[in-house]
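Morning, everyone. Let me put the model on the screen and walk you through a few of its elements.

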Amino acid sequence: MALSKRAEFFIKALACLCIFRLSQGKQFTLRNLPPLQKASSYPSACSGTYDYIVIGGGTAGCPLAATLSLKYKVLLLERGGSPYGNRNISYLENFHIGLMNMAPDSPAQAFISTDGVINARARVLGGGTCINAGFYSRASSSFIREVGWDEELVNESFPWVEEKIVQWPKIAPWQAALRDGLLQAGVSPFNGYTYDHISGTKVGGTIFDETGYRHTAADLLAAGDPSNLRVLLHASAHKILFDSRQGRLKPRAVGVQFIDENGRLHQAFLSNNKDSEIIVSAGAIGSPQLLLLSGIGPKNDLKNHNIPVVLHNKYVGKGMADNPMNSIFIPTKSPPRQSLIETVGITEAGVFIEASSGFGQSSESVHCHHGIMSAEIGQLSTIPPKQRTLEAAQKYAHNKLNLPKEVFQGGFILEKIDGPLSTGHLLLTDTDVRNNPAVTFNYFSHPQDLDRCVYGIKTIERILKTNRFSELAANGAGFSMERVLNMSVQANVNLIPKHTNDTESLEQFCKDTVITIWHYHGGCHVGKVVDQHYRVLGVSRLRVVDGSTFSRSPGTNPQATVMMMGRYMGVKILRERLGSAAGV
């Protein structure tokens, strides 16, 4: 059934009150946000057809659907719920709590890769922008050239996002310390406040405003035409429907089957116009999973699950990658203020250095903890990847209650690598789209990735030896790297070598303490699954527009580029169909 009248009124009233004050001095409101309806409200009888059906109301899907709705009738299917009114999504101080919510309808759906690394995928309107650390930084110019995007349109699409939901942070003390430490450690020059990807140290943008309120890709829906845009929540796309009758050169996408919040099956269809399309924007896990469930993929894998083969393509689900991250906890003499990513060091070696602080010692973290999946403490790498389980997380959460609050007083310095070069694959475990597929990332299987991790840890060691960080130490005499890297197993990190000048030991540290920062990508690569325009090869009226098409993660953090991609492709499609009449 649809949202109650009272709930709809509340959402609209909330939207009208949300006026964002931006760094550029402009204003953007949610006044034009379309109604957010439950999937069960979709009529069982024919409810008309759509020019575009976008599957996935996430980082790319929201700006894409909003843009297309300016000229065409669009249906947006989102498997999760609304981000509005959920404090664990909306406020920075609750970032770690929202990420660990394990309820069946929670905004973050946990999964564990076959490598043993605990991860999460978004299940909420706005996608990863609702559960991430908020950092906003554009892709490098070399990435833009490599993927073949129109640079002029890219430079129009980034500001379209930025003027609506991005601000400059009021830099937190821990982030200022990292900035100074990076520069003293030789990660220079200082490039100031910039969205651009430039070697050296910089402060990037954020989707958190000065009050700590998060703005997400869902807000971008207000830039569309609400009369043309229908948004269904808790609508899990089960499979794409094709017309594969004899005489057709290619299977032709015609509609989508989706399941509502009550488990009831629905169907939605495209108009007969040849230019109408289904666009899959379900993310790097969801998009290849949906293609496989729809009969597009390696034929033997499909037959193993009794899925009728629409098109054999051995590359669907291949080339999966996740940027490995390792984090080091730094104890301090006084509790640091909460902060997420604001400062980044971009090294010439392809290593990025970032930081977070102040979550570990909060009362919610200490007394209502959520285990090794918690983002603010690097998932507490207390056990090697192959031994990590959700049961282990629960055991840790229970044991942590007995630890003194002071144990968690400090911040983290994180190192992660560009790329990466190590890749894996995605396989179905069953035919229920609501369940996670099996994902393998093969962290550090490429030796260059491991070399860069070692470089990152040594860079952190140089940072900790700077005057700036010596001032933060409890005794004022700086940090012993041996002490930092060999903290109590019960407190934060474990399985870390005693001698940081031992390269072999650092390599083992990288492998044993690898975690994720949720920048996984791949599975629908350009040239193998989709063409340069993101049309799925071998079928008609079907595209994939999201990070599953990337062969490497863009910039230091992908959300800026993925939101831009949604706007970019929306504008590109409108201009291809309408020319100057597109009006964008």
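Start with a strand pair. Strand E21, residues 324-331, and strand E24, residues 410-417, run antiparallel and are joined by seven bridges. For a landmark, take Phe-329: its opposite number in E24 is Phe-412. Keep in mind that this is a predicted model.

Now widen the view. E21 and E24 sit in an open sheet of seven strands, and the order is E10-E11-E22-E23-E24-E21-E27. The pairing in that sheet is mixed. Which strands are at the edges? They are E10, 190-193, and E27, 515-516, and each of them pairs on one side only.

Two helices lie across this sheet. Helix H7, residues 173-184, lies across E10, E11, E21, E22, E23 and E24. H7 runs at about 150° to E23. Helix H12, residues 447-464, lies across E21, E23 and E24. Its reference strand is E24, and the angle there is about 150°.

Stay with H7 for a moment. The loop from H7 to E10 holds Ser-188. Leaving out residues up to four places away in sequence, Ser-188 touches Leu-183, Ser-199 and Gly-200.

E14 pairs with E15, residues 252-259, in the antiparallel sense, over seven bridges. Within that pair, Leu-241 has Gly-255 of E15 as its bridge partner.

Now a parallel pair. Strand E5, residues 52-55, and strand E6, residues 74-77, run parallel and are joined by four bridges. Val-54 faces Leu-76 in E6. As a rule, side chains in a regular strand alternate between the two faces of the sheet. In E5, Tyr-52 and Val-54 point one way, and Ile-53 and Ile-55 point the other. Every one of those four is buried.

On to helix packing. Helix H6, residues 151-165, packs against helix H16, residues 559-578. The angle is about 120° and the axes are 8 Å apart. H6 and H16 are therefore oblique to each other. The crossing is right-handed. Who makes the contact? H6 contributes Leu-153, Val-154, Glu-156, Ser-157, Phe-158, Trp-160, Val-161 and Ile-165. From H16 come Ala-560, Thr-561, Met-563, Met-564, Arg-567, Tyr-568, Val-571, Lys-572 and Arg-575. By class, the contact residues are 11 nonpolar, two polar and four charged.

Last stop: helix H8, residues 283-293. How many of its 11 residues are buried? The count is 10, so H8 is mostly covered. Among the buried ones are Ala-284, Ile-285, Pro-288 and Gln-289, and also Leu-290, Leu-291, Leu-292 and Leu-293. After H8 comes Gly-295, with a positive phi near 95°.

That's the tour. Questions, please.

Conventions:
Residues are numbered from 1 along each chain as its sequence is written. This is a predicted model: local features need pLDDT of at least 70, side-chain atom pairs count only at pLDDT 80 or more; totals for chains, interfaces and linings use all residues. Side-chain values use heavy atoms; hydrogens and water are left out. Axes are lines fitted to C-alpha atoms, for helices over the stretch in contact, and angles run from 0 to 180 degrees between N-to-C directions. Angles under 35 degrees count as roughly parallel, over 145 as roughly antiparallel, 65 to 115 as roughly perpendicular and the rest as oblique. A crossing is left-handed if the near helix is turned anticlockwise from the far one by less than a right angle, and right-handed if clockwise. Contact means heavy atoms within 4.5 Å. Ala, Val, Leu, Ile, Met, Phe, Trp, Tyr, Cys and Pro count as nonpolar, Asp, Glu, Lys and Arg as charged, and the others, Gly among them, as polar. Two strands pair if DSSP finds at least two bridges between them. Buried means under 20% relative accessible area, exposed over 50%, partly exposed in between (1.4 Å probe, protein chains only).
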